[in-house]
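I keep these notes as I go through a structure that is new to me. Each entry records one thing I looked up.

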Amino acid sequence: MKKIAFLFLGLVVSALTFAQDHEPLIVKQLPSVKLVDMNGKSVNTAELGFKGPVVISFWATWCSPCKRELNTIHDLYTDWQEETGVNLVAVTIDDEKTKAQVPVYVDGKGWEYLVLMDPNGDFKRAMGVNNVPHTFLVDQNGNIVYSHNNYAPGDEEKLYEEIKKIVK
């Protein structure tokens, strides 16, 4: 009786493993959330209006790894745009207490990114972001094709390789 039970269990495990290997890739689209830019203009996240790939980076003024990542990308951004047509959207999760520091920091660093404010965390929750920095790569069709959490030097190179894959 034990042999039959083990044989049945083996068949079930094999069937589940086979089914998981062949499931279609689930592609997630950018959710539609209304945020505002640094000038107070309303922006729908599902209609950013860029033609090429888009990097969406969640950050905050109090997050050192976030600022290191975005400052490192800033140094490379012009080359990335020329080579791939990528645009970067920096979504700050600073709340009411700290959001006044956002324009000061962004202008001080000379970031050329679209900076959106998410003080209530609506877009953050819709994207499943638990902590910052969290970076997403979105293809030309609005599909989220890459996601990375945290930042270590060199992560920008991996991101750039992912960007190049979708603009071939």
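**Entry 1: the disulfide**

I looked for the disulfide and found Cys63 joined to Cys66, with 2.2 Å from S to S. I note that the model is a predicted one. I read 80 degrees about the S-S bond, and the link of Cys63 and Cys66 is right-handed. Are the two cysteines buried or exposed? I found Cys63 buried, and Cys66 is buried too.

**Entry 2: the whole chain**

I then went over the chain as a whole. I listed five helices and eight strands. Read from the N terminus, the order of the elements is α-β-β-β-β-α-β-α-β-α-β-β-α. The chain has 168 residues, and 42% of them count as buried.

**Entry 3: Asp94**

Next I looked up Asp94. Where is Asp94 found? I located Asp94 in the loop between strand S5 (87–92) and helix H3 (101–109). Asp94 is buried, yet I found no salt bridge for it. The nearest side chain of opposite charge is that of Lys67, 8.6 Å away; a salt bridge needs the charged atoms within 4 Å.

I then checked which polar contacts the side chain of Asp94 makes. One, of 2.4 Å, is with the side chain of Thr92. Another, of 2.7 Å, joins the side chains of Asp94 and Thr98. Leaving out residues up to four places away in sequence, I found Asp94 touching Trp59, Ala60, Thr61, Trp62, Lys99, Val102 and Pro119.

**Entry 4: Gln29**

My last entry is on Gln29. I placed Gln29 in strand S1, residues 28–29. Why does Gln29 count as partly exposed? Gln29 counts as partly exposed because its relative accessibility is 44%, and that class lies between 20% and 50%.

I then looked for what Gln29 meets from elsewhere in the sequence. Not counting residues up to four places away in sequence, Gln29 touches Asn141, Gly142, Asn143 and Ile144. I also took the pair Gln29 and Val138: they are 109 residues apart in sequence, and their C-alpha atoms are 8.4 Å apart in space.

Terms used: Residues are numbered from 1 along each chain as its sequence is written. This is a predicted model: local features need pLDDT of at least 70, side-chain atom pairs count only at pLDDT 80 or more; totals for chains, interfaces and linings use all residues. Side-chain values use heavy atoms; hydrogens and water are left out. Helices (H or I, at least four residues) and strands (E, at least two) are DSSP runs, numbered from the N terminus. Buried means under 20% relative accessible area, exposed over 50%, partly exposed in between (1.4 Å probe, protein chains only). Lys and Arg count as positive and Asp and Glu as negative; His and the chain ends are not counted. A polar contact is a pair of N or O atoms within 3.5 Å; within protein, one must be able to donate a hydrogen and the other to accept it, and residues adjacent in sequence count only if both atoms are side-chain atoms. Contact means heavy atoms within 4.5 Å. A disulfide is a pair of cysteine sulfur atoms within 2.5 Å.
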